[in-house]
Structures are given as structure tokens and as C-alpha cells.
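Please keep the sequence and the structure in view while reading.

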Amino acid sequence: MANALFYLFSFFTLITAVGVVVNKNTVNAALCLLLSLVGVAGLFALLDAYLLAALLVLVYAGAVVALFLFIVMLLDVQGGVRAPFQRTTAVAGTVGLAVLVAGLAALAGRSGLASTPAPATAAGAAPVGAVLKHYAEMLFTTYLLPVQVVGFLLLIAMQGVIVLSRKFAAEDAK
């Protein structure tokens, strides 16, 4: 059952990630990104990393994608005619794809992959609250400054978009 769920979440994540790249409408691409992040959260949940899955959905899918959609809708960017790919871009993309396929083939050809360790028994495992308490202590002590900086950067970006959109509205009225 776990293998079937893994393949389902992987396929779902890959399809929605391709939707992000090939979609011409920015809003639809952002919604595909949201679905892709939900698929990655499902993969985290399969790895028993429930905190990472919840944080991915809350922080990235909930806040960052919502902020991105807010900015895109506020700017009201119209899709125009796109310039065709240049030759160097196509060559770089092809080389990147070849390196990715070669790496995956080398990984699949490796026979001595390490097996995952057995999960800890109930008697030896730390209670879930203790692990979450450790994460909370690290978040509010060691990583407090980076979290605050990211929050302020997002706030500044949103204010910049509001100022830019008001400038465009003022020019349209003239």
C-alpha cells in the first residue's frame, strides 16, 4: 500500500510540476504549484515526517503561494507574445536533461543501496511532544532572526507591489 501511495503522490507531483512550467496563465501555474506542494507534503507524510508535511502545506502552500497569487492578481499582468527560445537556452536545457537522466540511470544501476533503518520501537521512541518542543525551541532561539528576516522581506515585497500597482493605476487615469 505504501508503494502504491508513493507512486501516486510522485506521479501527481510530477504532473502538476510540469503544469507549472508549461502553463501560460500565471494564475493557473500558481495553482499547479500549490497542488505540486501538496503532493510533496504527501510524500513527506509517507516518510513519517508529519511536521515537515504540515509546515510545507502551511508555510509554502498556504502563505507563499497565496502571496504570489495576490501579487500576480494585483499587478494584473497580461500574457503577451513570448520570444522563442534562443539556441543557447535549448542547448543548456538539453545538457541539463542529459545529466539528470544519466544520474538517474547511475542511481538505478547501483545494486548496493542502503536499506532504511527499522523504525524505533514504542518503548525507545521519544514522545511526539518532545520532538515538537525541540523544533519550537530551535525555531524561537537559533533560527528566530532568519524567520523574522524572511517575514519582513515578504512584507516589503507586498508593499512594493502595491506601490507599483497604484503607479500604473494613476498613469491609466491620465
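Phe11 is found in helix α1, which covers residues 2–22. Helices here are DSSP runs of H or I with at least four residues, strands are runs of E with at least two, and both are numbered from the N terminus. Phe11 counts as exposed because its relative accessibility is 56%; exposed means over 50% relative accessible area, buried under 20%, and partly exposed in between, with a 1.4 Å probe and protein chains only. The C-alpha atom of Phe11 is separated by 8.8 Å from that of Gly39, although the two residues are 28 residues apart along the chain.

The model is predicted, so local features need pLDDT of at least 70 and side-chain atom pairs count only at pLDDT 80 or more, while totals for chains, interfaces and linings use all residues. Residues are numbered from 1 along each chain as its sequence is written, and side-chain values use heavy atoms, with hydrogens and water left out.

The protein as a whole has six helices and zero strands, in the order α-α-α-α-α-α from the N terminus on. Of its 174 residues, 14% count as buried.

Between α2 (26–46) and α3 runs a loop that contains Asp48. Asp48 is not a glycine, yet its phi is positive, at about 65°. With a relative accessible area of 55%, Asp48 is exposed. Leu52, by contrast, is found in helix α3 and counts as partly exposed because its relative accessibility is 43%. Leu52 and Ala41 are eleven residues apart along the chain, and their C-alpha atoms are separated by 7.4 Å.

Which residues make the nonpolar surface patch? Leu55, Leu58, Val59, Tyr60, Val64, Val150 and Leu154 form this patch of about 610 Å². The elements that give two or more residues to the patch are α3 (50–75) and α6 (144–173), and α3 gives the most, with five residues. Patch residues have over 30% relative accessible area and no salt bridge; nonpolar side chains (Val, Leu, Ile, Met, Phe, Trp, Tyr) are joined within 5 Å, and like charges within 9 Å. A salt bridge is a side-chain nitrogen of Lys or Arg within 4 Å of a carboxyl oxygen of Asp or Glu. Val64, which lies in helix α3, counts as partly exposed because its relative accessibility is 32%.

The largest pocket has a volume of about 490 Å³. A pocket is an open set of points on a 1 Å grid where a 1.4 Å probe fits, with protein on both sides within 12 Å along at least five of seven lines; lining residues have an atom within 4 Å of a point. The lining comprises 16 residues, of which Leu55, Val59, Leu139, Tyr143 and Val147 lie nearest the centre of the pocket. Two or more lining residues come from each of α3, α5 (128–140) and α6, with the largest share, six residues, from α3.

Methods: Areas by Shrake-Rupley, 256 points an atom, 1.4 Å probe, with all protein chains shown as cover. Points joined across faces, edges and corners; volume = space filled by probe spheres on them.
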